[in-house]
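Here is a short briefing for a first look at this structure. Keep the sequence and the 3D view at hand while reading.

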Amino acid sequence: MAKPKRRYVCQNCGSVATRWQGQCGDCGEWNSLVEDAPQTVFSARHDLSSGGRAIEFTPLDKPGELPVRQASGIAEFDRALGGGLVPGSAILMGGDPGIGKSTLLLQVSAHIARAGRDAVYVSGEEASGQVRLRAERLGLSNAPIRLASATSVRDILTTLGMEKPPALLIIDSIQTMHSDQIEGAPGSVSQVRGCAFELIRYAKESNVTLVLVGHVTKDGTIAGPRVLEHMVDVVMSFEGERSHQYRILRSLKNRFGPVDEIGVFAMEGDGLAEVGNPSMLFLSGREEPMAGSAVFPAMEGTRPVLVEIQALIVRLQSGATPRRAVVGWDNGRMAMLLAVLEARCGLNFSGAEVYLNVAGGYRLSDPAADLAVAAALVSALGDRPLPTDAVWFGEVSLAGEIRPVAHSSIRQRESAKLGFGRAFGPANGPAADKGIRFSGLSMLPNLVDRILSDA
Ligand code: TYD
Ligand code: MG
């Protein structure tokens with residue numbers, strides 16, 4: 001048998017190198033390469049002399065044993081999870097510091113505990129007193145949650161192993177946990193990975209729903225190993241602007257349900273309140289239809305985000321050179337769109353100042369924004385407000401065609417979820433989605449007719 005080659009595996013991204021390096025060549029993480037044990041290769045045999053045991057095969061339609069979901073009682077949380085908590089599953093919840101992860105999970109634990117199920121909340125970041133203080137502020141002091149302040153995974157699992165497993169176990173956060181069997185400081189790649197592995201194994205064996213809180217780095221990924229995302233069943237992200245009231249809970253991966261459901265919350269004085277009608281989020285301040293404002297269902301990677309695009313057109317009396325200014329979108333792209341509107345639709349922007357703004361300091365890079373920008377510009381030019389319940393998406397070519405874009409149905413579903421009733425998009429794109437009225441537009445002049453004649 002050939003001597004097995006040494007191999008080094010990055011504990012962050014899982015890539016394999018043939019020699020040790022200080023930095024992983026693939027993901028750029030430092031000190032994450034660890035020598036992998038030499039692999040022994042088994043081949044198929046006709047008996048059990050390899051020392052392996054026979055495994056059992058079952059048909060897909062075997063009755064029973066399907067996981068039963070348990071509603072947490074917080075509808076927006078259950079919705080984002082695809083229907084509730086699955087016993088024996090592991091959930092990773094990421095989010096910026098201060099966004100409200102601990103608050104939300106304390107509220108979820110209280111709901112579970114008040115429903116008569118055992119909820120354990122282990123904080124590695126705050127003393128129990130601090131968590132109790134928060135619970136008091138949230139009006140949850142009387143919920144029978146079992147609270148602990150601990151960071152040793154061995155202590156936590158030893159304690160839990162001595163009693164009946166809880167229904168819900170919350171670890172806040174995985175970066176503060178450490179295991180004395182693993183080298184490295186808490187938060188290091190090997191510690192995060194090793195602690196998560198032990199906790200997940202306990203959750204699977206004991207049929208506990210495990211929630212791991214994960215910190216997020218500046219670039220938006222969960223700090224520590226990427227492999228954490230592979231180990232858990234569900235990855236959720238809690239998002240929002242800290243200075244802003246609204247929070248969106250999204251699932252980025254879900255082994256038990258769809259990933260395009262979101263939960264919407266508002267951070268209030270007494271914790272996170274569910275926002276039953278999230279369309280208010282975008283319609284507030286826009287109750288009166290305003291000319292020049294169009295809503296665009298953008299995609300952030302695989303994630304939809306609804307943004308408002310605002311256009312303002314000022315006719316100049318004098319012969320001064322008109323200004324064109326764009327915030328949050330590509331300057332050149334707007335110049336192109338104005339040229340197409342002039343050349344293909346006979347509109348006249350010359351002698352007018354054109355301002356374009358993407359609300360909320362958001363930066364758009366999605367090419368599907370063309371149609372929404374065009375709608376905002378035409379609406380501003382003709383002083384015709386667009387329907388407040390409409391969203392617009394599609395790419396515009398130099399010939400003035402409205403071209404299909406990716407993720408058409410995710411855009412429509414997210415818009416419907418956020419309370420929008422109409423979508424305007426490319427005519428020969430994928431079919432319309434349920435829950436929203438779709439109108440296909442094939443050429444830019446169709447859009448202009450629609451806005452300027454639709455009084
Ligand atoms: P927290 O849950 O500690 O965030 P995370 O665990 O994600 O770091 O939330 C902290 C913020 O939430 C803090 O800045 C104050 C705010 N907050 C409220 O506005 N109302 C409340 O009732 C609570 C508990 C927190
Ligand atoms: Mg916290």
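The model is predicted. Ligand 1 is surrounded by 16 residues. The protein covers 75% of the 560 Å² of accessible area that ligand 1 has on its own.

**Shell around ligand 1**

- By class, the shell holds 6 charged, 6 polar and 4 nonpolar residues.

**Polar atoms facing the ligand**

- The side chain of S102 has an N or O atom 2.6 Å from an oxygen atom of ligand 1.
- G271 places a polar backbone atom 2.8 Å from an oxygen atom of ligand 1.
- For G269, a backbone N or O atom is 2.9 Å from an oxygen atom of ligand 1.

**Elements that supply the shell**

- Two or more residues of the shell come from each of α2 (101-114), α3 (128-137) and β11 (262-268).
- Helix α2 gives the largest share, with 3 residues.

**Residue S439**

- Strand β21 spans residues 437-441 and includes S439.
- Is S439 buried or exposed? S439 counts as buried because its relative accessibility is 17%, and the cut-off for buried is under 20%.
- Leaving aside neighbours within four places in sequence, S439 is in contact with A423, F424, G425 and R450.

Definitions and conventions. Residues numbered from 1 in each chain as written. Chains lettered and ligands numbered in written order. Predicted model: local features only at pLDDT ≥ 70, side-chain atom pairs only at ≥ 80, totals over all residues. Heavy atoms only, no water. Near = heavy atom within 4 Å. Polar contact = N/O pair within 3.5 Å; in protein donor to acceptor, adjacent residues only side chain to side chain. Areas by Shrake-Rupley, 256 points an atom, 1.4 Å probe, with all protein chains shown as cover. Helix = DSSP H or I, 4+ residues; strand = E, 2+ residues; numbered from the N terminus. Nonpolar A, V, L, I, M, F, W, Y, C, P; charged D, E, K, R; others polar. Buried < 20%, exposed > 50% of the residue type's maximum accessible area, 1.4 Å probe, protein only. Contact = heavy atoms within 4.5 Å.
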